[in-house]
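Please read them with the structure open.

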Amino acid sequence: MTQMRWTTFGTAMLAVALGAGRVVAADATSGVILEGSQEARGMALADAITASNDAGAVQVNPAAAGFLEAPVASMFLKPEIAGQLAGSVGYAHPTSFGTFAGSVTYKTAGDLTYYTYDAAAQTFGKKTVNAGTDILVTASYARKVWQELRGGASLKVLNSSLLGGAYSANAFALDLGGSMPIPGVEGASAGLTIRNVGTGLKYLTESEKLPMEARVGGGYGKTFGDVGVLGVLDVGYGIAAGALGVGVGVEGTWNHMVSGRVGYRYGAGARYLDVGLGVRYLMLGFDYVLEPMSAGLGLNHGVSLSYRFGGKS
């Protein structure tokens, strides 16, 4: 029975890892929902948004919220194969005391069918349950620290369950970050963050490490007539996994309304190319991302909607 229990648990963990859409080192870290951003623009730019100053970057660097001039509400949805689904809703509100932000992120790995054994009757059965579900609640705060430097922090609470709730675990994590324009270089910015510092996820007897990482990033944007071009670069080191990752992205925007994006990721022995587009009209924003799944399982499509309550249109 103990062997079957561990085998079933391992099968569920594999299903969750494949559902991440990325190659995951199963023996290194857990809490896949904590990795990267959960919004279409950031994903299309290979999550190289540590130095970004928009609301979507708060999931990567909490200091980004300190640049907001008006409240922003957003939502994200990414359906995947076999009933897998990822989504989030968020809201950020700047005040004279700083910017307060919060989000709820949800991810399910779809259904999993496995065999059971009744020792008394000596018979096998079959059962279908949800392979795994993660729910992440994040509260963030950011403000101006010195001149143009913004600093921020995020507190995260994660609940993770496997096999329809047969195994569950909770974890707490902290993100700290800073971001600022580079003095003397118009259009350039830099950011630094350390993410997912906290407790592990303990499903059975051993605690699974969270994907703790340190990340530094930069961006440079320039306008040519009606066209704006932005280049971004992030370098991250997975402290728990001991792995280095690089993300680079380019975004071109016409007339402040229509954007095309491409991002390239390298790390953990894998390479990925993400593409996306965005449309802005007055206070409303729409973003789309197309990204590959792990193990050659196909492509994922994700969409984000956002609304800014005031500020420049």
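1. Surface first. The protein chain has an accessible surface of about 15200 Å². Carbon and sulfur atoms account for 64% of that area. Bear in mind that this is a predicted model.

2. Burial. The protein chain has 313 residues, and 46% of them count as buried.

3. Contacts. Take the contacts in the protein chain with a separation of 6 or more: 51% of them come from residues 24 or more positions apart.

4. Secondary structure. The protein chain contains 18 strands and two helices.

5. Strands 12 and 13. Strand 12 covers residues 213-224, and strand 13 covers residues 227-238. The two run antiparallel and are joined by twelve bridges.

6. The turn between them. Strand 12 and strand 13 make a hairpin, with two residues separating the strands. Gly225 lies in this turn and has a positive phi of about 65°.

7. Strands 13 and 14. Which way does strand 13 run relative to strand 14? The pair is antiparallel, with twelve bridges joining strand 13 to strand 14, residues 243-254.

8. The next turn. Strand 13 and strand 14 also form a hairpin, this one with four residues between the strands. Gly242 sits in the turn, and its phi is positive, about 65°.

9. Taken together, strand 13 is joined by twelve bridges to strand 12 and by twelve bridges to strand 14.

Definitions and conventions. Residues are numbered from 1 along each chain as its sequence is written. This is a predicted model: local features need pLDDT of at least 70, side-chain atom pairs count only at pLDDT 80 or more; totals for chains, interfaces and linings use all residues. Side-chain values use heavy atoms; hydrogens and water are left out. Two strands pair if DSSP finds at least two bridges between them. Buried means under 20% relative accessible area, exposed over 50%, partly exposed in between (1.4 Å probe, protein chains only). Contact means heavy atoms within 4.5 Å. Accessible areas come from the Shrake-Rupley method with a 1.4 Å probe; for residues, only the protein chains shown count as cover.
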